[in-house]
Every structure is written in C-alpha cells, then in structure tokens.
Amino acid sequence: QWYQRRVRERSADNWIPRPPERYCLTGHRMPISRVIFHPVYNVMVSASEDGSIKVWDYESGDFERTLKGHTDAVNDIAFESTGKTLASCSSDLTIRLWDFVGFECIKTMHGHDHTVSSVRFVPTGDFLVSASRDKSIKVWEVATGYCTKTLVGHREWVRVAAVSPDGKLIASGSNDHTIRIWEIATKECKVELREHDHVVECVAWAPEGCTAHINEAIQSENLVLESRRDRSSCRDHVTRRSKCTTSALEAVSYL
C-alpha cells in the first residue's frame, strides 16, 4: 500500500509532513470531526458535523461513497481490527454499526441520554465502548447491539474512552478534568488521575514496547513531556504520561 510504503521509505529526520499536500479532499458541508484509515484497504473514512460519513481512496484521492443515517453531527468513528465493521456515534444519541462490505447500517444502538462523543472496539471486536455527555461509559455487545455494562463515576461530560491493548481496561477523559481507569469485567474504577487543570479531550494507550522509555521519561521529566502555548487560541497544550497498572497511558488536555 502507498501509505505503508511511504512510511518505510521515510528517514527518521523526515517524518514531519511538508507541503504541498498529496491531495485536498472536499465534500463535507460542515466541520470534519474525525478521519481514520482502514486497517486493510487503501481507503480512509471521515466523519462530519453535517451528519454524514464519507469514504475516500487515499491513493488516488477519489471520493468513493457517503454513508447516511445519523440525523445530527457524527462525532467519532472506529473500525474493528479486520475492517469489516465500522462504528459511528453521534449527537443524535445513537451508535450505528455499518457493514463495510455492503456499506449498509446493520444496527442502531440506543441507550445514552445525551451526545455520544467517543466509540471504540475492544481488540477482539465482539464488544464496543462508548462515552457520552450523559457522564456515562457503556459497553455494547456487537452481535446483539445490547448494552451489557454502564460505567458511572465522572462528574461531567465524558469526552473519550480508549480500550487497553489487552482489552481489559478502559481509560476515559472528561470535562471534570480527570482521567479514570476502569476494569471492564468488574466495572470498577481502578485509578482516578487529577493532574489536568481543564477538559481532557484525548487519551491513548501506549504500546507495551514503549513502557521502558516512558518510565525513563517519567523519572527524568516529572510526567510533563511536552508543553507549548498556541497563541492563536490562547490555550496551553500539555501532554502528560502516567503509569497505570501494567500499561502506560498518554493524555492530552487543553487548558
């Protein structure tokens, strides 16, 4: 694939993208909330506040199709590992599952009481995790579309939920300025991290191979690895990394 080939060909000092861009893809009528690559095919998928999901060929720059069904902004999208199923969540309070072979909506899941802001598959692909402005995190069975667990503890909007590589833990970030680590099997909140001073909008689990390097950074840099001020928006961008149980977690907060 073109993308993977380009990655292999790049040297370590040439990783920052530089103009001109390969393609400029247009078609959405409102801001684009999320863009992801397909795990197998040469396509990427975009979600927008216009309520649509669009599929693009990133090698040719061609638009392929639009997936329609949501009645409000699409806030997040995610593929399961084989790329056969796409999940989307929306401000219309629903989560939709799409067959990415026939490009049809195969399930619509209801259960959240407010905007659904984040959706992720567990690594096995048989369950789905969602986060919502109703302050809850829900776990859904993909085969049936039923909600099997609801995790409650955040005091404000849960912006994001990320599943650990082993599928046992969930990391969530919230408007209450905290990151929580949950054990999926028991629904128990194992850790609450309170170092941020504002909304936590993104969390990500680092691969296990990074643990030694992150532990070294924690000891030498006092947890804060990067901090800069974006003068155009007058906000500090801080990246913090914390060691939690056996995995490392990265969180980004906008102050």
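Q: Where does Phe-103 lie, and what makes that segment a loop between strands?
A: Phe-103 lies in the loop between strand 7 and strand 8 (104–110). Strands are DSSP runs of E with at least two residues, helices are runs of H or I with at least four, and both are numbered from the N terminus. This is a predicted model, in which local features need pLDDT of at least 70, side-chain atom pairs count only at pLDDT 80 or more, and totals for chains, interfaces and linings use all residues. Residues are numbered from 1 along each chain as its sequence is written, and side-chain values use heavy atoms, with hydrogens and water left out.

Q: Why is Phe-103 called partly exposed?
A: Buried means under 20% relative accessible area, exposed means over 50%, and partly exposed is the range in between (1.4 Å probe, protein chains only). Phe-103 has a relative accessible area of 22%, so it is partly exposed.

Q: What is the phi of Phe-103?
A: Phi of Phe-103 is near 55°, which is positive in a residue other than glycine. Leu-93 likewise is not a glycine and has a positive phi of about 80°.

Q: Why does Leu-93 count as partly exposed?
A: Leu-93 is found in the loop between strand 6 (85–90) and strand 7 (94–99). Its relative accessibility is 31%, and Leu-93 therefore counts as partly exposed.

Q: What makes Glu-195 count as exposed?
A: The relative accessibility of Glu-195 is 53%, so this residue counts as exposed. Glu-195 belongs to the loop between strand 16 (188–193) and strand 17.

Q: Why does Tyr-58 count as buried?
A: Tyr-58 has a relative accessibility of 7%, and therefore it counts as buried. Tyr-58 lies in the loop between strand 3 (52–57) and strand 4 (63–68). From Tyr-58 to Tyr-41, 17 residues apart along the chain, the C-alpha separation is 9.7 Å.

Q: Which residues does Tyr-23 touch, not counting residues up to four places away in sequence?
A: Contact means heavy atoms within 4.5 Å. Tyr-23 touches Tyr-58, Glu-59, Ser-60 and Gly-61. Tyr-23 sits in the loop between helix 1 (2–9) and strand 1. The C-alpha atoms of Tyr-23 and Ser-60 are separated by 8.5 Å, although the two residues are 37 apart along the chain. Tyr-23 has a relative accessible area of 33%, so it is partly exposed.

Q: How many disulfides does a search of the whole structure find?
A: A disulfide is a pair of cysteine sulfur atoms within 2.5 Å. The search finds 0 disulfides. Cys-105 has a relative accessible area of 31% and is therefore partly exposed. Cys-189, with 25%, is partly exposed.

Q: What is the volume of the largest pocket, and what makes a region a pocket?
A: The volume is about 890 Å³. Of the 30 lining residues, the closest to the pocket centre are Arg-34, Asp-76, Ser-118, Arg-120 and Val-160. On a 1 Å grid over the protein atoms alone, a pocket is an open set of points where a 1.4 Å probe fits, with protein on both sides within 12 Å along at least five of seven lines; lining residues have an atom within 4 Å of a point. Grid points are joined across faces, edges and corners, and the volume is the space filled by probe spheres set on the points.

Q: Which strand gives the most to the lining of the largest pocket?
A: Strand 17 gives the most, with 5 residues. Strands that each supply at least two lining residues include strand 1 (32–37), strand 5 (74–79) and strand 17 (200–205).
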